[in-house]
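Take a first look before reading on.

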Amino acid sequence: NAGRGRVPASVPPPSRARGARRWRGWSAGRWWSAGGSSWSGPLPAWPSAAPRSSPPSSRHVFSLGTLASGWKWLSLFRFKIWWMIPTVGEDAAGVPAETQMLLLESRSEAGAALYALMLPVLDGGFRASLQGSPENELQFCFESGDPEVQTLEAVDAVFINSGDNPFKLMKESIKMLSKIKGTFSHIEDKEIPANLDWFGWCTWDAFYKSVNPVGIEEGLKSLCEGGAPPRFLIIDDGWQETVNGFKEVDEAFIEQTVFAERLIDLTENDKFRGETCKNLGDHVKKIKEHYGVKYVYIWHALHGYWGGVLTTPDAMKKYNPQLVYPVQSPGNVANLRDIAMDSLEKFGVGIIDPAMIYDFYNDQHSYLSSVGVDGVKVDVQNVMETLGKGFGGRVALTQKYQQALEESIARNFKGNNLICCMSHNTDSIFSSLKSAVARASEDFMPREPTMQTLHIATVAFNSLLLGEIFIPDWDMFHSKHESAEFHGAARALSGGGVYVSDKPGMHDFSVLKKLVLPDGLILRTKHAGRPTRDCLFNDPVMDGKSLLKIWNLNKFSGVIGVFNCQGAGNWTYPVKENAHVPTTVCITGDLSPSDVELLEEIAGDDWNGETAVFAFNSCSLSRLQKHQTMEVSLSTMTCKIYTIALIKVFGGFVQFAPLGLVNMYNSGGALENVTSTGDCSEITIQIQCRGPGRFGAYSATRPEICSVDEHEVEFKHTDDGFLAFDLSHGSSQDNLRNIEILYRAS
């Protein structure tokens, strides 16, 4: 619904959304069904016409109406300019400024749930966001970011859809919206970078801006020697030729200028030219040859560097740069200010002429590609929204830069090798036609103990929206850290890349080897990890009672991670006067195989709802029907991982469910194929599984023979049906083991 109160003709009514409850529309504020059963909960009193205002302006605030009682909502909003976080509530007044997704739930007296999804979108040169008012009205802000770009009305500003499954609703709405708008694509329509399937290492937390060739080699060497070889490397901030032109004795003043440093050349700085390596190309060649690195990414800001580019060097003059001063939206400063923006507002940004931005990217990327770099991580993207004055507004400027960036990536790098970062505004999200990977939250902060649980909750909730447009990147973490298991388990469920930022020699391989196979492959899930349906409208960080459950799928199984994020930290919004004092909270909840959405994607027609639930942490096995539950108890900042394997009957007499590598967090991610041959007297189950490791399965009866690559192996089979044996290192290049398990009818 484009801000008008009714579904526009170009949008199919909700009844056409697969998996929805055939809701066709609304009449007199009530939802009704073609099937004859009416919905008793009224929706907001939406305006009946496109909102208008006089006189024209570059920024409007329009009312969408009031929110009826009985609805709960989940908001994804920008708590600071770069990043979103979730919050939940029940009245419209609590909806924070800069809300970019609002998911609502209401339940009938019989307990049936209806979900409504509201997405403020881009409309021409304007961008919408939602917010509440003290009068309990739901509003949307409509702004261009340029005083000269004005309008009287909002026509296609807020998209609304409904259904009875929030995950299908989200997917179908994003697909629908991408076709209507044409400015972005659904993730299924994008090329996925190959590096996501390999373990990685990022230099940022290891060195910060002091990154250097010697340190990079030391880090790669120590990880390889420990058995977790990085095949993917990000050389983060610190490699470029930059300058801080602000000289002042006052140290406090100098600290403010860190984010005002500017780029002066497209090539590497002196740290990468000298005795240890001749140049960047020499370094990249060496680490690929010596340490088996397959993909090298390198960092840069969307506009060159934090403070943009210096306007005076010959290397930059060709791009016609100019110094401009950012202007933030009132919505941004209404939430949490950011130190980087404070610096940029004071010292300005050297911005490249939008007409020359493709040339800038192409020159930089063609150079990087020529020296062996495979892709880029592009940071500080949301700064464009503050620089729209004189350039046609924030949306026009963002789209000009984003289009040029994607064109340059396609021309200079294979495989769509781009990570978008600090890009959580809808200007960027809904302008991403090709970009396939985006950071899902603020940075992992190893020195901030109260931020660890917030990070996990944020990436999971943000993936509800981001995961339909990108592969969400849940960021690096430290393997040797008090929260390493917590972060490592979450990354295994993320559906995105897995990479650390350990200092050289500072690793915990007991954590890494639950994520990384000896050849450097990771066991990546099929989708973006997201909260289970019963967690969507709870606060997993601060309500003191809710566990966070994250679900995902593999080819042949589901997986659920349960995390206790309570007690360790508070949301940074709203800002608290008193510092949070961490406490330990023990919480008991439940999980069910039905917590895994979309099991029908992998189940097939011959599944009767029986599952084998493997608890990774205790190495225990339970048999549950799909809708049965089991209890789980966790203390603060602990977690448990459960593989949900589907029990099927083979040959009419063998009840069996493969688990995968039970020594890995995401055990089922190792399974590549499951077939069978035989008849009612003898059946052989054939499995392709990655290795090495400990293979496990549920088997109601004891098999006669287990073999791996045509060699019989010893196995263990316990009374609860747990079958296990070892997969040794294989000779095949892809480390796939061919398993055969033979049963004979008694």
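Contact here means heavy atoms within 4.5 Å. The model is predicted: local features need pLDDT of at least 70, side-chain atom pairs count only at pLDDT 80 or more, and totals for chains, interfaces and linings use all residues. Residues are numbered from 1 along each chain as its sequence is written, and side-chain values use heavy atoms, with hydrogens and water left out.

Start with F360. Leaving aside residues up to four places away in sequence, F360 touches L263, L266, G304, V309, M316, Y319 and I352. A nonpolar core is a set of buried Ala, Val, Leu, Ile, Met, Phe, Trp, Tyr and Cys residues joined through side-chain atoms within 4.5 Å. Buried means under 20% relative accessible area (1.4 Å probe, protein chains only). The largest such core has 167 residues, and F360 and F563 touch the most other members. Helix 12 (residues 452-466) gives the most to this core, with nine residues. Helices are DSSP runs of H or I, at least four residues, and strands are runs of E, at least two, numbered from the N terminus. A second, separate core of 40 residues includes L517, F656, C689 and L723.

Now turn to helix 8 (residues 339-347). Its buried residues are A340, M341, S343, L344 and F347. After helix 8 comes G348, with a positive phi near 85 degrees.

Last, the sheet. Five strands form an open, antiparallel sheet in the order 34-35-38-42-41. Strands pair if DSSP finds at least two bridges between them. Strand 38 (residues 693-699) and strand 42 (residues 722-727) pair over six bridges.

Technical notes
Buried < 20%, exposed > 50% of the residue type's maximum accessible area, 1.4 Å probe, protein only.
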